[in-house]
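Please examine the structure shown below alongside its sequence. The paragraphs that follow lead through the surroundings of its ligands and then through the packing of its helices.

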Amino acid sequence: EYAIEARDLTYAYEDGTLALDGVNLNARRGKVTGILGGNGAGKSTLFLNLNGVLRPKRGTVLVDGAPVRYDKKGLMDLRRRVGIVFQDPDDQLFSADVYRDISFGPVNLGLGAEEVRRRVAWAMERTGVTALRDKPTHALSYGQKKRVAIAGVLAMEPQVVILDEPTAGLDPQGVGEIMRLITELRDGLGITFLIATHDMDIVPLYCDRAYLLSGGKVTGEGTVEELLTQP
Ligand code: ADP
Ligand code: ADP
């Protein structure tokens, strides 16, 4: 039922900052789950624990009901299944051009050339960046970079896609395009989305359920109607 779950997830940085403190949450398969919280709430730390970049000090991450294994194979598998789109696309675009950027993940998976081409063509098509395929990524607009970053994650054919502030810095049309894409991927392919956002306009429209995160703890959860009526 749940594509990804955190149970009692606890993480402290080297300097002792307790960034996550006993977090319990789940993202239902094929739904969009919102993570709401201000700066420093723990959203980025949560996401890095969910895709294995950080290893919990206590607690468990489960993908498709199975606890993550922190050996090499387990982590490879996790990163294939759980993709992250960072808030700033410059943090994840580093190849010379759009095509090479989107193909980086599939190539790294060791897929054959034909399969890589198929996946990249599909991901470019879905995100509307096909015409940009030979452009250097640094020459793209912010909104275009954002879509290329999403395409790179989609080309991995993940089950779960985590997006950190997907609408930040976009004009209303760009927001509409990104959120429409997410809805299509949810409904058409059953991809599970976790979205961190400050944007209270998109939460009721697009999130099936949401969690409030504050000081590394879950301080509220429920449907959007429930959250809006909580004190
Ligand atoms: P809780 O025990 O936290 O109150 P449950 O997991 O029992 O919540 O789920 C309550 C209802 O909400 C059920 O219908 C469940 O399928 C649904 N639900 C739970 N988590 C999510 C989610 N992340 N996205 C969408 N629906 C969810
Ligand atoms: P958010 O993404 O919600 O803004 P973060 O997960 O980035 O929250 O931060 C949670 C807490 O962890 C904050 O107190 C932040 O200052 C702290 N923190 C984040 N990264 C580090 C780090 N590398 N070293 C020490 N503390 C950190």
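Begin with ligand 1, where an oxygen atom is 2.5 Å from an N or O atom in the side chain of Tyr2. Such a pair is a polar contact, that is, a pair of N or O atoms within 3.5 Å; within protein, one must be able to donate a hydrogen and the other to accept it, and residues adjacent in sequence count only if both atoms are side-chain atoms. This is a predicted model, in which local features need pLDDT of at least 70 and side-chain atom pairs count only at pLDDT 80 or more, while totals for chains, interfaces and linings use all residues. Residues are numbered from 1 along each chain as its sequence is written, chains are lettered from A and ligands numbered from 1 in the order in which they are written, and side-chain values use heavy atoms, with hydrogens and water left out.

Two further contacts involve ligand 1: a polar side-chain atom of Glu1 lies 3.2 Å from an oxygen atom of the ligand, and an N or O atom in the side chain of Arg209 is 3.2 Å from a nitrogen atom of the ligand. Taken alone, ligand 1 exposes 550 Å², of which the protein buries 55% (areas from the Shrake-Rupley method with a 1.4 Å probe; for residues, only the protein chains shown count as cover). The residues around ligand 1, each with a heavy atom within 4 Å of it, include Asn26, Ala27, Arg28 and Glu221. Strand S2 (residues 18–28) gives the most to this shell, with three residues. Helices (H or I, at least four residues) and strands (E, at least two) are DSSP runs, numbered from the N terminus.

Turn now to ligand 2. Among the residues surrounding it are Tyr13, Asp15, Lys43 and Thr45. Helix H1 (residues 43–50) supplies the largest share of the shell around ligand 2, three residues. Oxygen atoms of ligand 2 lie 2.7 Å from a backbone N or O atom of Gly40, 3.0 Å from a polar backbone atom of Gly42 and 2.6 Å from an N or O atom in the side chain of Ser44. Ligand 2 taken alone exposes 560 Å², and the protein buries 62% of that.

Finally, consider the helices. Helices H5 (residues 142–154) and H6 (residues 172–189) pack at an angle of about 15°, with their axes 11 Å apart. Axes are lines fitted to C-alpha atoms, for helices over the stretch in contact, and angles run from 0 to 180 degrees between N-to-C directions. H5 and H6 are therefore roughly parallel to each other. Angles under 35 degrees count as roughly parallel, over 145 as roughly antiparallel, 65 to 115 as roughly perpendicular and the rest as oblique. Helices H3 (residues 98–108) and H4 (residues 113–127) pack at about 130°, with axes 9 Å apart, and are therefore oblique to each other.
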